[in-house]
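Reader: I have a model open and want to learn how to read it. Can we take the features one by one?

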Amino acid sequence: MSIEQRGRLPLDYQPVALPGSALRFRGPLATDRQPSVVCIGGSETFGRFINAPFPAQLDDACDGTVLNLGVMNAGLDVLLTDPAILGALDDAEAVVFQIISAHNMSNRFYTVHPRRNDRFLTASTMLRTIYPQVDFTEFNFTRHMLTHLHDLSADRFEILRTELESAWSARIIRFLNQTVAPVHLLWLSNRSPDQSDACDMSVDPLFVTSPMLEQVAEHAASMTIVTPDEASSTDDLQGKFFGPREEAAARLLPGPKLHDYATAELIRRL
């Protein structure tokens with residue numbers, strides 16, 4: 001049941017370390033039993049600002065163990081290479097893969113931190129050639145850098161975006177084809193896949209479009225789309241727990257009602 005209050009103190013996520021991984025996952029985790037379902041994804045799966053994210057609700061509803069291995073601000077690099085995540089996926093009977101953004105991953109144009117994928121490290125020679133006037137040492141985060149590059153030249157930015165979209169789709173499809181357990185894809189976002197993000201680089205999953213989803217869904221067990229009802233106006237902070245300087249970030253993430261709906265839809269598919 002969602003707690004309908006706002007402005008409360010931040011949640012205690014009870015961070016848990018798993019053998020072989022430098023990451024901290026949301027606790028508590030029942031690691032003493034083989035998981036029936038493993039949920040992987042970004043801040044939405046982790047349940048930032050949410051008391052009962054969908055993995056916790058699935059764990060309560062399902063007979064088997066559901067592991068929440070969501071990672072804050074995750075990109076494909078960390079989700080597809082972390083030893084603890086890969087080990088859990090090998091043991092899972094089913095996987096829920098929350099669709100994440102295409103910008104937080106290393107590619108032909110730039111490199112991100114191997115664990116904190118939202119952190120920009122270096123620009124390739126190709127990117128420096130496209131944007132010769134840019135001093136890339138000024139950027140620490142991928143979204144800040146990409147917003148600046150888009151504002152400089154929307155035309156040149158399309159070269160970069162095309163690369164990100166292509167690399168994202170290829171890696172997702174490779175993961176789906178290599179994973180033994182059935183993988184159920186989940187779109188959990190405050191925007192619809194059909195809604196263009198060309199002018200708004202704040203709402204995730206960034207650079208992921210409906211055609212991309214259709215392409216990867218062909219290789220998955222199912223696809224669940226969870227977005228707000230555009231016909232209803234709701235408080236986007238309702239039921240969220242955040243600190244004094246976290247309100248802006250809290251507004252961007254799905255609220256408890258969307259997690260409730262995602263849980264109900266996933267139970268039908270698992």
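Author: Start with a loop. Asparagine 73 lies in the loop between strand E2 (66-68) and helix H3 (76-79). The model is predicted.

Reader: Where is phenylalanine 49 found, and is phenylalanine 49 buried or exposed?

Author: Phenylalanine 49 is in the loop between helix H1 (43-46) and helix H2 (54-61). Its phi is also positive, about 75°, although it is not a glycine. Phenylalanine 49 is buried, because its relative accessible area is 1% and the cut-off for buried is under 20%.

Reader: Which residues does aspartate 204 join through a cis peptide bond, and what is omega?

Author: Aspartate 204 is joined to proline 205 by a cis bond, with omega about 0°. Proline 205 sits in the loop between strand E6 (183-188) and helix H8 (210-217). The bond from glycine 27 to proline 28 is cis as well, with omega near -5°. Proline 28 belongs to the segment before strand E1 (37-40).

Reader: What is the mean pLDDT of the protein chain?

Author: The mean is 92, and 93% of the residues reach 70 or more. Over residues 1-7 the pLDDT is below 50; beyond near neighbours in sequence, that stretch has 17 contacts in the model.

Reader: Now the core. How many residues are in the largest nonpolar core?

Author: In soluble globular proteins, nonpolar side chains tend to be buried together. Here the largest nonpolar core has 59 residues. Ile40, Leu69, Tyr110, Leu127, Phe136 and Trp168 touch the most other members. Helix H7 (residues 154-178) gives the most to this core, with nine residues. Another core lies apart from it, with 13 residues, among them Leu58, Ala94, Leu186 and Ala262.

Reader: Which residues does leucine 127 touch?

Author: Not counting residues up to four places away in sequence, leucine 127 touches Phe109, Tyr110, Phe136, Met145, Leu149 and Leu160.

Reader: How do I describe a helix pair? At what angle do helix H6 and H7 pack?

Author: Two packed helices are described by the angle between their axes and the distance between the axes. Helix H6 (residues 142-152) and H7 pack at about 135°, with axes 6 Å apart. H6 and H7 are therefore oblique to each other. From H6, the contact uses Leu146, Leu149, His150 and Leu152; from H7, Ala154, Arg156, Phe157 and Leu160. By class, this contact has six nonpolar, one polar and one charged residues.

Reader: Where is alanine 250 found, and which residues is it in contact with?

Author: Alanine 250 is in helix H9. Its relative accessible area is 0%, so it is buried. Leaving aside neighbours within four places in sequence, alanine 250 is in contact with Phe49, Asp236, Leu237, Lys240 and Phe242.

Reader: One more. Why does threonine 263 count as buried?

Author: Threonine 263 counts as buried because its relative accessibility is 4%. Its place is in helix H10 (residues 256-269). Leaving aside neighbours within four places in sequence, threonine 263 is in contact with Phe54, Gln57 and Leu58.

Definitions and conventions. Residues are numbered from 1 along each chain as its sequence is written. This is a predicted model: local features need pLDDT of at least 70, side-chain atom pairs count only at pLDDT 80 or more; totals for chains, interfaces and linings use all residues. Side-chain values use heavy atoms; hydrogens and water are left out. pLDDT is the predictor's confidence in each residue, from 0 to 100. Contact means heavy atoms within 4.5 Å. A nonpolar core is a set of buried Ala, Val, Leu, Ile, Met, Phe, Trp, Tyr and Cys residues joined through side-chain atoms within 4.5 Å. Buried means under 20% relative accessible area, exposed over 50%, partly exposed in between (1.4 Å probe, protein chains only). Helices (H or I, at least four residues) and strands (E, at least two) are DSSP runs, numbered from the N terminus. Axes are lines fitted to C-alpha atoms, for helices over the stretch in contact, and angles run from 0 to 180 degrees between N-to-C directions. Angles under 35 degrees count as roughly parallel, over 145 as roughly antiparallel, 65 to 115 as roughly perpendicular and the rest as oblique. Ala, Val, Leu, Ile, Met, Phe, Trp, Tyr, Cys and Pro count as nonpolar, Asp, Glu, Lys and Arg as charged, and the others, Gly among them, as polar.
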